[in-house]
Amino acid sequence: MIDLPKVRRETPGVDHRIHLNNAGAALMPLPVYEAVTNYLERELQIGGYETSSEKVDELNAVYDSVATLIGSQRDEIAIAENATVAWQRAFYSLDFKEGDRILTTQSEYAANYIAYLQIAKRFGATIDVIPNDGQGALDPTALERMIDGKVRLIAITWIPTNGGLVNPAEEVGRIANAHGITYLLDACQAVGQMPIDVTRLGCDILTATGRKFLRGPRGTGFLYIKKELLARTEPIMLDLFSAQVTAPHAYTIRPDARRFETWETNYSTRAGLRAACDYALDIGLSAIESRCRHLTNLAREQLAEIRGVKLHDLGAHQSAIISFTISNHDSASIMKQLAGKAINVSVSNPSSTPLDADARHLPPIVRVSPHYYNTEEDIGALIAAVRTIAAA
Ligand SMILES: Cc1ncc(COP(=O)(O)O)c(C=O)c1O
């Protein structure tokens, strides 16, 4: 059981706002904020290099915390400034040649899809979208049928940015592993809202951000890359941290996943990312998942009953993201009206998920994403506010 009064005491933002934008950026808990500010305070007092050498053990512990969070080994983790950079560092380091196929999902995040298009243009690779099942999730049977000797990569978004869909990431892993195909999983919206185990998922690469359901500081993210793949993957870009000059015309690359990092980095936010992982682990990811599900179901059921509200979430299993529109009201104005009542939500634009938006003719949609620190009263206030907007 989550100690709700404690987590709310440790989340000062809840005193002023009903924050239902955790898929955007969650409210940081105090231990995360303090980890960042204490670190910066020390830099202020004694200097940047001096602080990083004084706190070297604490800084290195971020790798243990992330590894514990996702069930990997610490040397399979690289820290990045966001999920996109983590993803790009891995994706662009894979080698592609003409005729290679990349299999992806309809709900793929736009930044990833743009990268596939670029690689397709550069190397003559092709992109194939895995069909959905009857409920709108990626269909593993259809995926199995698409496999041939040309599939170079299966790269999917687990939980999309624009709704409650949860793609069957584990089933995809089983298929990718059975055929020896590299599997890249965008877990940006999953990390922090549910237990994650990369071994069960069977992914070779997993990327995520710190600021969303994990409640870390902005400007943080991480990359997991499985040891076997790591050993044969040279980062597309190297520096003097990821590699070392060993002879006038030779260099060697670091053995661990930090080969995807650079020498300079934002140290204080690393401290914050570590605190965010530890905070989530202390509460327990299973408890977080079930409370998220409880609050989300509550909101979804009540929203569905409001006249004029249309829910857009796909899939049989749904995450803590709810997407909806209200007839005759544009989503930006709904968000603004909710903000006027101190309720934070966001709007997901078609440009973030272009394939899905196109296939379903989606307009900008309102995105509501509760977290475990929200209350039933928060959901009640949202419902009352949406009811008023819909009735106007
Ligand atoms: C599914 C998904 N993937 C990737 C990203 C990119 O994350 P970041 O903004 O940390 O680069 C997002 C951000 O919204 C996302 O929702």
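We'll take a few helices and strands of this predicted model in turn.

Biologist: What makes helix α5 "largely enclosed"?

Modeller: A residue counts as buried when 20 or more other C-beta atoms lie within 10 Å of its own. Seven of the nine residues of α5 (residues 83–91) pass that test, so the helix is largely enclosed by the rest of the structure. Among them are W87, R89 and F91.

Biologist: And what do those buried residues pack against?

Modeller: β2, α6, β6, β7 and β8.

Biologist: Now α13. Why do you say its buried residues line one face?

Modeller: In α13 (residues 331–340), S331, I334, M335 and L338 are buried. Looking down the axis of α13, these buried residues fall within an arc of 100 degrees, so they line one face.

Biologist: Which residues sit on the face turned away?

Modeller: A332, S333, K336 and G340, which are exposed. The cover over the buried side includes β12, β13, β14, β15 and α15.

Biologist: You mention β15. How do you know both its faces are covered?

Modeller: In β15 (residues 365–368), I365 and R367 lie on one side, V366 and V368 on the other, and all are buried.

Biologist: What makes β12 and β15 a pair?

Modeller: Pairing takes at least two bridges. β12 and β15 have three and run antiparallel, so by that cut-off they pair. F324 stands opposite V366. β14 is also joined to β15 by three bridges, again antiparallel, with S346 opposite R367.

Terms used:
Residues are numbered from 1 along each chain as its sequence is written. This is a predicted model: local features need pLDDT of at least 70, side-chain atom pairs count only at pLDDT 80 or more; totals for chains, interfaces and linings use all residues. A residue is buried if 20 or more other C-beta atoms lie within 10 Å of its own, exposed if 12 or fewer, and partly exposed in between; C-beta atoms are placed from the backbone. Helices (H or I, at least four residues) and strands (E, at least two) are DSSP runs, numbered from the N terminus. Two residues are in contact if their C-beta atoms, placed from the backbone, lie within 7 Å. The arc is that of the directions from the helix axis to the C-beta atoms.
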